[in-house]
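Here's a quick briefing to read with the structure open.

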Amino acid sequence: MATITTTTTTTCFTVFFVFFIFFCTISSADKYSLTYLPLSHRSAASRIHSGSHLQSSSSNHKLSFKYSMALIVSLPIGTPPQAQQMVLDTGSQLSWIQCHNKTPTTSFDPSLSSSFSILPCNHPICKPRVPDFTLPTTCDQNRLCHYSYFYADGTLAEGNLVREKITFSRSQSTPPVALGCATASEDAQGILGMNLGRLSFASQARISKFSYCTPTRYNNAKIKPTGAFYLGQNPYSKTFKYIDILTFPGSQHSPNFDPFAYTVSMEGIRIGAKRLNISSSVFRPDAGGSGQTMIDSGTEYTYLVNEAYDKIRQEIIRIAGSRLKKGYVYRESLDLCFNGNSMEIGRLIGNMVFEFGKGVEVVIGKERVLDDVGRGISCLGIGRSERLGVPSNIIGNFHQQNHGWNLIS
């Protein structure tokens with residue numbers, strides 16, 4: 001189990017995660033930090049990544065990231081370090097960097113790094129002996145470990161699994177950790193996988209805590225606001241309120257359940273002063289794992305299962321239906337779009353509130369309920385999760401603006 005938090009003095013809220021085995025308990029280091037970790041994660045990580053930890057005279061380090069449609073952090077990778085642009089993604093496990101020649105000025109060049117090595121097929125990571133491993137790997141013609149990774153939006157990244165170190169400063173670095181060296185991908189940046197999986201960067205580097213605070217983004221593509229990314233203790237953590245992050249051991253192997261996601265205790269949704277008639281069970285996984293509610297910084301918008309989305313759609317149309325742009329779907333995912341700018345339609349709709357356990361609320365201000373997608377069209381930043389082919393509730397980074405999330409691994 002873990003916790004999500006919200007500050008009382010600012011609009012940022014934070015999530016804490018600390019790993020123990022098979023049970024929920026209170027950390028002696030932080031009385032509010034709770035979590036659950038299956039034995040297979042810890043034992044496998046200890047065998048494969050023994051000695052891999054963030055080496056530093058201080059456990060705290062602050063980075064920054066740029067925010068447009070994604071959270072882009074620049075990490076110094078290799079020896080000597082090469083700056084690599086990576087998407088901060090709490091919804092995926094594998095970290096990978098660009099190693100192809102399509103963008104030679106930004107791609108990683110393995111030949112320039114003395115700490116770079118490629119994993120062979122017989123490496124334990126490539127041929128896992130634990131049942132919870134989810135990364136598809138094969139043996140290529142050179143007997144090297146090849147991976148292919150599909151994301152929920154249909155994009156693909158593939159290449160070789162390698163080991164490389166990340167140096168945050170002269171006093172803070174990791175030993176070589178496993179990551180992908182992509183030779184084929186459709187993205188301009190790599191991925192910094194930060195979920196609960198044993199191969200996430202947080203797990204491999206044994207980073208005890210990390211957090212990020214997402215700033216307000218602007219419709220002007222030339223303006224990319226800067227967010228804060230902490231490795232270690234967040235200096236504002238004493239002001240946070242806490243709610244539990246949920247674990248469902250019985251759903252570990254359910255077909256629609258992601259056991260590595262940060263699953264939150266969402267209770268309901270309000271639009272303006274009206275609490276929508278949505279059962280809290282809609283936000284919990286059913287017998288097949290459908291309905292899980294997760295925090296995913298790597299997904300742009302929020303996606304909800306039909307039972308929740310239909311109630312939102314009904315209320316939004318009641319309020320602003322006269323401005324609806326009928327038949328219009330943005331990026332094949334957002335179908336509640338309107339004629340008019342986001343501020344104008346937002347004032348009609350009012351604030352939206354995501355309700356969590358222990359009375360914690362995340363307020364989505366009316367100015368951020370809709371996204372101005374251009375050509376005089378604004379779309380609600382929420383879509384049906386079935387459009388992604390994922391039967392889960394996903395809170396994306398668009399609704400994480402002005403909020404912070406702090407994770408402990």
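**Around Cys 139**

Cys 139 sits across from Cys 145, a residue of β10. Keep in mind that this is a predicted model.

- β9 pairs with β10 (residues 145–150) in the antiparallel sense, with three bridges between them.
- On to the next pairing: β10 and β11 (residues 156–164) run antiparallel and are joined by five bridges.
- Look for His 146 if you want a landmark there, as its bridge partner in β11 is Asn 160.
- β10 and β11 form a hairpin too, with five residues between the strands, and here Gly 154 has the positive phi, near 95°.

- Cys 121 is in the loop between β8 and β9 (137–139), while Cys 139 is in β9 itself, so the link ties together parts that are 18 residues apart in sequence.
- Is Cys 121 buried or exposed? With a relative accessible area of 2%, Cys 121 is buried.
- Cys 139 has 33% relative accessibility, so it counts as partly exposed; the cut-offs behind that call are under 20% for buried and over 50% for exposed.

**The Cys 99–Cys 181 disulfide**

- Cys 99 and Cys 181 are joined by a disulfide, S to S 1.9 Å.
- Distant parts of the chain are linked here: Cys 99 belongs to the loop between β7 (96–98) and β8 (117–118), Cys 181 belongs to strand β14 (residues 177–185), and they are 82 residues apart.
- The link of Cys 99 and Cys 181 is left-handed, with -110° about the S-S bond.
- Both ends, Cys 99 and Cys 181, are buried.

- Another disulfide is formed by Cys 337 and Cys 379, with 2.0 Å between the sulfur atoms.
- Its torsion about the S-S bond is about 105°, so the disulfide of Cys 337 and Cys 379 is right-handed.
- Because Cys 337 lies in strand β24 (residues 337–339) and Cys 379 in strand β28 (residues 377–380), the pair ties together parts that are 42 residues apart in sequence.
- Cys 337 counts as buried, at 0% relative accessibility, and Cys 379 counts as buried at 0% as well.
- What is the bridge partner of Cys 337 in β28? That partner is Cys 379, with which Cys 337 also forms the disulfide.
- β24 and β28 are paired in the antiparallel sense over three bridges.
- Step back and you get an open sheet of three strands, ordered β24-β28-β27, with antiparallel pairing.
- β24 and β27 (370–374) are the edge strands, each pairing on one side only.
- On average, neighbouring strands of this sheet are turned by 30° against each other, direction ignored.
- Helix α4 (residues 342–349) packs on the sheet and touches β24, β27 and β28, and the direction of α4 makes about 155° with that of β27.

**Aromatic pairs**

- Four aromatic pairs turn up in a search of the whole structure.
- One of them is Phe 108 with Phe 116: the ring centres are 6.1 Å apart and the planes are at 40°, so the pair is tilted.
- Phe 108 and Phe 116 are both buried.
- Phe 210 and Phe 229 make an edge-to-face pair, at 6.2 Å centre to centre with 85° between the planes.
- Here too the partners come from distant parts of the chain: Phe 210 is in strand β16 (residues 210–214) and Phe 229 in strand β17 (residues 226–231), 19 residues apart.
- Phe 210 and Phe 229 are both buried.

Technical notes
Residues numbered from 1 in each chain as written. Predicted model: local features only at pLDDT ≥ 70, side-chain atom pairs only at ≥ 80, totals over all residues. Heavy atoms only, no water. Disulfide = S-S within 2.5 Å. Helix = DSSP H or I, 4+ residues; strand = E, 2+ residues; numbered from the N terminus. Buried < 20%, exposed > 50% of the residue type's maximum accessible area, 1.4 Å probe, protein only. Pairing = 2+ DSSP bridges. Axes fitted to C-alpha atoms, helices over the stretch in contact; angles between N-to-C directions. Contact = heavy atoms within 4.5 Å. Phe/Tyr/Trp six-rings, centres within 6.5 Å; stacked < 30°, edge-to-face > 60°.
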